[in-house]
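Student: I have a new structure to look at. Can you walk me through it?

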Amino acid sequence: MIKFSIKLKKIAIIGIGYVGLPLAVEFGKVRNVIGFDLNAQRISQLKSGVDKTLECSKEEIESAKYLSFTADLDELRDCQIFIITVPTPINKNKQPDFSPLLAASKGVGSILKDGDLVIYESTVYPGCTEEVCVPVLESISKLKFNVNFFVGYSPERINPGDKLHRLTGITKVTSGSTPETAIEVDKLYGQIITAGTHLAESIAVAEAAKVIENTQRDLNIALINELAIIFNRMELNTEAVLEAAASKWNFLPFRPGLVGGHCIGVDPYYLTHKAQAMQYQPELILAGRRLNDGMGRYVASQLVKSMIQRGISVHGSSILVLGLAFKENCPDIRNTKVVDIISDLTDYGCQVDVVDPWVNSDDAEREYGISLVNYEALDCSRYDAIILAVAHQTFRDWGIKKIKSFAKVQHILYDLKYLFPVGESDMRL
C-alpha cells in the first residue's frame, strides 16, 4: 500500500470561487499551486489580479508567488494533491444537485495517479464523499481507493464578504480516509491555518460537523422570524423585545430576516435528504426551512397590506428595493431571497426597481433576469414604497433623509434590516 505524504507535492485547487480562491492564495504563498476553473473569463481576470467576488485584493493575489491559474485540465497532470471546492446546490425540488461535484470528480479522476490525494471541501451530507465521490474517482481512474489513491475532507468555512473572519483565522476541521492520510491532511492545512486545526475521527464526522453548522443557524433564525411574525400581530417592536431578552447573558443574539446565500438556505436540505433516505422524517429542520423560505412572500404581503390600509394603490405602484445581494457588503447573489419579494410584488402588479451598488448588473440579469437601476440615476419623489432589503454600508452612509427623498410624500419605508432607528421607518420585521 502506498502511504501518502504531503512533502514537495504540487496542489491543484478545483473551482476558484468564493472558497477556492482564498485557499489557493494562502497555499500559493508557501507551495506550488495551480488554481483551476472551467470559466475561462474568470481565469483571465485572476491572471490580471482581478477578483470580482471581492474576496481577495490584487495585492493578495500577487502575494501568492507560487500560484498560477488555468482553465486547462491537462495542466494539472503533474499535481499530486487535488482540493475540490465546487458548489453543492439544490435543484428545484430542494434535493441535492451533485452535478458540479460529479463533474469535478470525473475531471480529477481522469488525471489521477498512484499516490495522489483528493480533498473535498464542498458541503455534503455525512457519507457523501465515500459513497458518491470515491466511486467516480475509482471508475474513471481505474485506481483502487486507499490503495492507489487517498481521500480527505476538510469543510470550507468561508463567510463571503467578511473581512474579519478570514480563512487563516478560522479553525479548520480535517479528516482522511486512513489514519495516516488524516494526519497528512491535517499537516497540510496546518501550513496555512493560523487558528489551528481540528482532526475529526472520520470523513463522515467532518461532513456532519459542517452540515449542522448552518442547519443550527437556520433553525435559530427561523425561530426569530416566527417570533417577529407573532410580535407584528401583537403590534410589538421585535427589536425592542430582542434587546430586552439579550440582557440575559446566555440569550443568542439572532435577528429576523431573509435567509439566502449558498450555505444556510441550502445545507440543511443535504442533511434532510440523507435522513429521509434512511427512513427518518426530520420534522424540525424542514419546518425551519419552510418558514425561512417563506419570508420573502411574508414581507411582500405585509407591505401590500400596509399600502392598502394607507390608501396607496397597489396595482401600478412604483416600489424601490435597496439591495439584491444575499448579505451586506458583498456582491454574492447566490440564492438571494430578495428575489422572492420582487417576484411577489411583481405578481401584485407593482413596478419594482432594484438598486445594489455591490452587485454586478450582468450577473443580476443573467441569474434572475433583473435589470439593476443605476443608483446615481434614481429619481426623487417617485416611489410609493421603499424596501431596505440589504444592510449595505452604502445605504447607511446615504442616510434616511436621502433614502426618503426617492419616495413620494405619501409612501411606506420598510426597513427589513434595522438600518435606522425605529421611528424613522414605517415598517420593520
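Tutor: We start with the ground rules, then take the sheet, a helix and some aromatic rings.

Tutor: This is a predicted model, where local features need pLDDT of at least 70 and side-chain atom pairs count only at pLDDT 80 or more, while totals for chains, interfaces and linings use all residues. Residues are numbered from 1 along each chain as its sequence is written, and side-chain values use heavy atoms, with hydrogens and water left out.

Student: OK, what is the strand order in the open sheet of six strands?

Tutor: The order is E3-E2-E1-E4-E5-E6, with parallel pairing. Strands (E, at least two residues) and helices (H or I, at least four) are DSSP runs, numbered from the N terminus. Two strands pair if DSSP finds at least two bridges between them.

Student: Which are the edge strands?

Tutor: Strand E3 (67–70) and strand E6 (149–153), each of which pairs on one side only. From one strand to the next, the twist averages 20 degrees. Axes are lines fitted to C-alpha atoms, for helices over the stretch in contact, and angles run from 0 to 180 degrees between N-to-C directions.

Student: How many bridges hold E1 and E4 together?

Tutor: Four, between E1 (residues 11–14) and E4 (residues 81–84), in the parallel sense. Ala 12 has Phe 82 in E4 as its bridge partner.

Student: And what stands opposite Phe 82 in E5?

Tutor: Val 118 does. E4 and E5 run parallel, joined by four bridges. Next, five bridges join E5 to E6, also in parallel. There, Tyr 120 has Tyr 153 in E6 as its bridge partner.

Student: How does the chain get from E5 to E6?

Tutor: Through H5, in a right-handed β-α-β crossover. E4, helix H4 (residues 99–109) and E5 make a right-handed β-α-β unit too. Right-handed means that, with the strands pointing away from the viewer, the path from the first strand over the helix to the second runs clockwise.

Student: Is E5 buried or exposed?

Tutor: Five of the five residues of E5 are buried, so E5 is largely enclosed by the rest of the structure. Buried means under 20% relative accessible area, with exposed over 50% and partly exposed in between (1.4 Å probe, protein chains only).

Student: Which way do the E5 residues point?

Tutor: Asp 116, Val 118 and Tyr 120 point one way, Leu 117 and Ile 119 the other. In a regular strand, side chains alternate between the two faces of the sheet.

Student: New topic. Which residues of H14 are buried?

Tutor: Phe 395, Trp 398, Gly 399, Ile 400 and Ile 403. They pack against strands E9 (318–322), E10 (351–355), E11 (383–388) and E12 (407–415). Contact means heavy atoms within 4.5 Å.

Student: What about the aromatics? How many pairs does a search of the whole structure find?

Tutor: Seven aromatic pairs. One of them is Phe 98 with Tyr 270, edge-to-face, at 5.9 Å centre to centre and 75 degrees between the planes. Rings of Phe, Tyr and Trp (its six-membered ring) pair if their centres lie within 6.5 Å; planes under 30 degrees apart count as stacked, over 60 as edge-to-face and the rest as tilted.

Student: Where do Phe 98 and Tyr 270 sit in the chain?

Tutor: Phe 98 is in the loop between E4 and H4, and Tyr 270 is in helix H9 (residues 267–277), 172 residues apart. Both Phe 98 and Tyr 270 are buried.

Student: Which residues form an aromatic cluster?

Tutor: Tyr 375, Phe 395, Trp 398 and Phe 406 form one. Trp 398 and Phe 406 are both buried.
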